[in-house]
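Visitor: Please take a close look at one part of this model for me. I would like to hear about a charged pair and its surroundings.

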Amino acid sequence: MIKAPITDKELASHLDSLESDKLRVFTMADGRVRGALFHGTRFVNQLRAQHQLGILETYILGQASLCAALTIPMMKDLEHNVIKYEGTGSAEGYSVEADSTGYVRGYLFNESIPVKKALDNWELSPFMGPGSFTFSRVHKDDKYPQSSTVDVDGDNIAKDFATYFAQSEQINTAFNSSIQFDKQGRVIGAGAMYIQVMPKTGGTKGDGGGTDSHAEESLEEEKLLTGVENAFKACPSLGLLYSEKEVDSEDIIIGLFREFNPIITVTRDIIYDCPCNEQKYIDYLKTVPPQQLKEFLEGSTDGKLQIQCRNCGSLYNIPVARL
C-alpha cells in the first residue's frame, strides 16, 4: 500500500496527543464472557486519507472497518475474513477484510453518496437500507471460503454484525462502534467494542456432569446476560471518549465491567493497511491475454499504465516497459 499522508497539521497534532491505537482483548465472569475494545482514531483517519472520503462515507466505511477489526481476536490460527454488505440504499454497500496478522482494508461500493439535504442525525436507513450481509472465512489451507449470508436492516452497522453472529453462528454477541467528528468534519475520536457470552457446556460443578440442572443454569444464564447487557449499554460514545486526551482503554473496560472481574489478556496493534504493491500488479498484468493488455495500454499517453487498488485507494503508475 502507498500510505497516504495526513496533511492537516491541526488533526495530526491532535492525533499525537491521544492514547495509541490498540486492540485489547479481555475475558470476564470466569471466562463465560469474552470481548475486545479497539481504539481506532488513527485507523479511521488513515482509511479516510487512503480513499479521500467525505464525512458520511467516512462514517459508514469507518464503522464497518472498526467492527471488522473486532473479528480478528475471534480468528483461529491464520485466517482472513471478508465481510460484504449489499444494500438497497444510495451507499449501495461495502466490502471490508480483516486478517489475522493485524490489518484491515476495504472500500465502499459508492464513494460519492448523494445527500439531498443537511443531515440532522446519523440515521443510516436512507443510505444503507435493508440488504444482505455475507461473512466469509478463509483459512490457510482452504480451497474455498466458508460463507454465510443473513438479511439485515442496514440502519445500524454494529447491529448488522450482531445480527450475523446471532443468526448464523448462534452466539450472543453485541457490537458498539462510534466515530466522533469536530465542527470542521475532522475525525477526532473512533472506537469499537464487542462482547460475546460463550455457550455453557458440561454438567454441574462437582458432579462429573452426571446431573442435569438445566433450570438452574437458565436462571444463572439469564442473570449473567442481563448484567452484562446493562453494563454494555451503559458505555458512553466511544468516539467521544477517545477524542479526549485523558481517556485510558483499560479504565473503560474495568469501569464498565467491574462487577464481572474483567481481565485484559492480549493487547495488539491493528492497522488499516493493504498487501498490494507495484510488483503484484506487474505480475498480474503479465498473465493478461495480449489483446486485453493492448486495450489497457491504449489509454496510456505517457508510457505508464495507471492502476488503482480499490481496497486501499493506492494509485500505481506502472511503466509499460516493465510489462
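Guide: Start with Arg137, which counts as buried at 14% relative accessibility. This is a predicted model. Arg137 forms a salt bridge with Glu79, and the closest N and O atoms are 2.8 Å apart. The pair links distant parts of the chain. Arg137 sits in strand E6 (residues 131-139), Glu79 in strand E3 (residues 79-87), and 58 residues separate them. Glu79 is buried too, at 4% relative accessibility.

Now place this pair among the other salt bridges. The count comes to 11 salt bridges. Asp8 and Arg186 form one of them, at 2.7 Å from N to O. Asp8 lies in the segment before helix H1 (9-16) and Arg186 in the loop between strand E8 (172-181) and strand E9 (187-197), so this contact ties together parts 178 residues apart in sequence. Arg186 is buried, with a relative accessible area of 15%. Asp8 is partly exposed, at 27%.

Arg186 has another partner. Its salt bridge with Glu10 has closest N and O atoms 3.4 Å apart. Glu10 belongs to helix H1, so this pair ties together parts 176 residues apart in sequence. Glu10 counts as exposed, at 54% relative accessibility. Through shared partners, salt bridges join Asp8, Glu10, Asp182 and Arg186 into one network.

Definitions and conventions:
Residues numbered from 1 in each chain as written. Predicted model: local features only at pLDDT ≥ 70, side-chain atom pairs only at ≥ 80, totals over all residues. Heavy atoms only, no water. Salt bridge = Lys/Arg side-chain N within 4 Å of Asp/Glu carboxyl O. Helix = DSSP H or I, 4+ residues; strand = E, 2+ residues; numbered from the N terminus. Buried < 20%, exposed > 50% of the residue type's maximum accessible area, 1.4 Å probe, protein only.
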